[in-house]
Amino acid sequence: MNRALYPGSFDPMTLGHLDIIKRASLMFDELIVAVLDNSQKTPLFSAAERVKILEEATKDMPNVKVDSFSGLTVDYCIKNNLHIMVRGLRAITDFEYELQIAQTNRKLSDNRVDTVFLTTDLQYSYLSSSTVKEIAMYGGAISHSVPDFVERALKDKFKVIKA
Ligand code: ADP
């Protein structure tokens with residue numbers, strides 16, 4: 001079976017992430033979307049909340065599974081017998097960072113884990129979780145950036161934070 005991992009912070013998942021998930025799910029028999037629970041970062045959404053969002057967004061994609069992990073992504077890959085990682089590329093600015101991570105992961109895994117890149121759909125090339133959070137924090141429009149239920153979750157978060 002041809003399986004791949006799409007790892008990321010997904011804090012929160014945007015329509016850009018979802019587009020990559022949909023396209024990758026058509027290329028592999030099984031796609032695992034895994035939330036990195038990084039203790040060094042303070043995310044807006046907990047790992048459990050981020051997993052729930054991804055599960056809701058992919059509920060009609062039977063070959064997509066959602067999980068979370070902490071530690072090195074290559075360790076997660078080896079443990080779960082995954083040898084392909086999917087990453088999205090937006091602009092040239094993503095490239096240098098992604099290239100370095102991909103090469104590091106290949107080295108760390110003794111060439112057992114390779115990365116494939118999908119280029120973003122043009123309509124989402126400007127989209128990032130951090131800008132979506134910033135816009136939401138100031139009450140701006142994010143309906144073109146995230147699904148409805150994520151928009152509501154973001155609004156709730158900032159209501160709680162402001163209260
Ligand atoms: P990170 O894992 O660096 O914290 P994210 O969770 O934001 O980053 O993103 C996970 C992956 O999705 C990365 O490969 C990133 O380049 C990609 N990605 C993020 N936003 C988009 C977008 N709008 N279009 C395509 N790919 C994206």
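Tutor: Start at Pro 12, in the loop between strand 1 and helix 1 (helices, H or I of at least four residues, and strands, E of at least two, are DSSP runs numbered from the N terminus). Pro 12 is joined to Asp 11 by a cis peptide bond, with omega about -5°. The model is predicted, with local features requiring pLDDT of at least 70 and side-chain atom pairs pLDDT 80 or more, while totals for chains, interfaces and linings use all residues. Numbering runs from 1 along each chain as its sequence is written, and side-chain values use heavy atoms, without hydrogens or water.

Now the site itself. The ligand sits in the largest pocket, meaning that more than half of its atoms lie within 2 Å of the pocket's grid points. Strand 1, helix 1, strand 4 and helix 4 are the elements that give two or more residues to the shell around the ligand. That shell has 18 residues, of which Tyr 6, Ser 9, Phe 10, Gly 88 and Tyr 124 come nearest (a heavy atom within 4 Å counts). By type, the shell holds seven nonpolar, six polar and five charged residues.

Some polar contacts (N or O pairs within 3.5 Å) can be named. A backbone N or O atom of Gly 88 is 2.6 Å from an oxygen atom of the ligand. Nitrogen atoms of the ligand take part as well: one lies 2.9 Å from a backbone N or O atom of Tyr 124, and one lies 3.3 Å from a polar side-chain atom of Arg 90. On its own the ligand has 550 Å² of accessible area (Shrake-Rupley, 1.4 Å probe), and the protein covers 90% of that area.

The largest pocket holds about 1,100 Å³ of space, the volume filled by probe spheres set on its points. A pocket is an open set of points on a 1 Å grid where a 1.4 Å probe fits, with protein on both sides within 12 Å along at least five of seven lines; lining residues have an atom within 4 Å of a point. Its lining has 42 residues, and Gly 8, Ser 9, Arg 87, Tyr 97 and Glu 98 are closest to its centre. Helix 4 (92–108) is among the elements that supply at least two lining residues, as are strand 1 (3–8), helix 1 (15–25), helix 3 (73–79), strand 4 (84–89) and helix 5 (129–137). The largest share, nine residues, comes from helix 4.

Note on methods
Polar contact = N/O pair within 3.5 Å; in protein donor to acceptor, adjacent residues only side chain to side chain. Nonpolar A, V, L, I, M, F, W, Y, C, P; charged D, E, K, R; others polar.
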